Amino acid sequence: MMIKPKIEKALNKQANGELNAFYSYLSMSAYFESLYMPGCAHWFKVQSNEEFNHAMKLNEYLIARGGKVVLTALEAPKTQWKSFLSIFEEAYEQELNVSAQINDLMDLARSEHDHATEIMLQWFVTEQVEEEDTANSNVERLKLIKNYTEGIVAFDRELGQRK
Ligand code: FEO
């Protein structure tokens, strides 16, 4: 069964959101490079790749269902932040927004009785639990570290281990 136009439109919007997240994390990564914090830069680069892959997953699904992928403009991401903590706080906010969008999509798939989309979206629901947890723990740990230089260096080193 071909995908309904309403769902097609909503999934394209979500894919654009994921690509905006990709772009925003890429900018955060570049910012950390400029601060000589290679671990955090690496972490955000990996995160931006994940968002890119989320968008691809949605696009592939759209194509498999006979839908059309419609790419739209991305917003220019921020390039300056007031503190390390504010970057991680923003990343957490971003994940909370994505979770809300995924939940809305799930509601739509349910109300439209689109079981295939519902099952596809389950992967995203599970993924968001992990994404929120990691983003929140980064924020909480940085709050504990405050301006303790050795703590920041260790945090950066640890984030640099991300696969
Ligand atoms: Fe694609 Fe981080 O949500």
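Colleague: How many cavities of 30 Å³ or more does a search of the whole structure find?

Modeller: The search, run over the whole structure of this predicted model, finds 2 cavities of 30 Å³ or more.

Colleague: What about the largest cavity, how much space lies in there, and which residues line it?

Modeller: About 40 Å³ of space lies in the largest cavity, and its lining is made of Asn12, Ala15, Asn16, Leu19, Asn59, Val69, Val70, Leu71 and Thr72. By type, the lining of the largest cavity has 5 nonpolar and 4 polar residues, with no charged ones.

Colleague: Which helix gives the most to that lining?

Modeller: Helix α1, covering residues 5-34, gives the most to the lining of the largest cavity, with 4 residues.

Colleague: And the second largest cavity, what lines that one?

Modeller: The second largest cavity, with about 30 Å³ of space, is lined by Tyr25, Trp43, Gln47, Ala91, Glu95, Glu131 and Ala135. The elements that each give two or more residues to this lining are α2 (38-64), α3 (84-111) and α4 (115-145). Its lining residues divide into 4 nonpolar, 1 polar and 2 charged.

Colleague: Switching topic to Ala41, where is its place, and why does Ala41 count as buried?

Modeller: Ala41 has its place in helix α2, and it counts as buried because its relative accessibility is 1%, while the cut-off for buried is under 20%.

Colleague: Which residues is Ala41 in contact with, leaving aside its neighbours within four places in sequence?

Modeller: With those neighbours left aside, Ala41 is in contact with Ser29, Phe32 and Glu33. As for Lys78, it lies 37 residues from Ala41 in sequence and 15 Å from Ala41 in space, C-alpha to C-alpha.

Note on methods
Residues numbered from 1 in each chain as written. Predicted model: local features only at pLDDT ≥ 70, side-chain atom pairs only at ≥ 80, totals over all residues. Heavy atoms only, no water. 1 Å grid on protein atoms, 1.4 Å probe; cavity = no way out; pocket = protein on both sides within 12 Å on 5 of 7 lines; lining within 4 Å. Points joined across faces, edges and corners; volume = space filled by probe spheres on them. Nonpolar A, V, L, I, M, F, W, Y, C, P; charged D, E, K, R; others polar. Buried < 20%, exposed > 50% of the residue type's maximum accessible area, 1.4 Å probe, protein only. Contact = heavy atoms within 4.5 Å.
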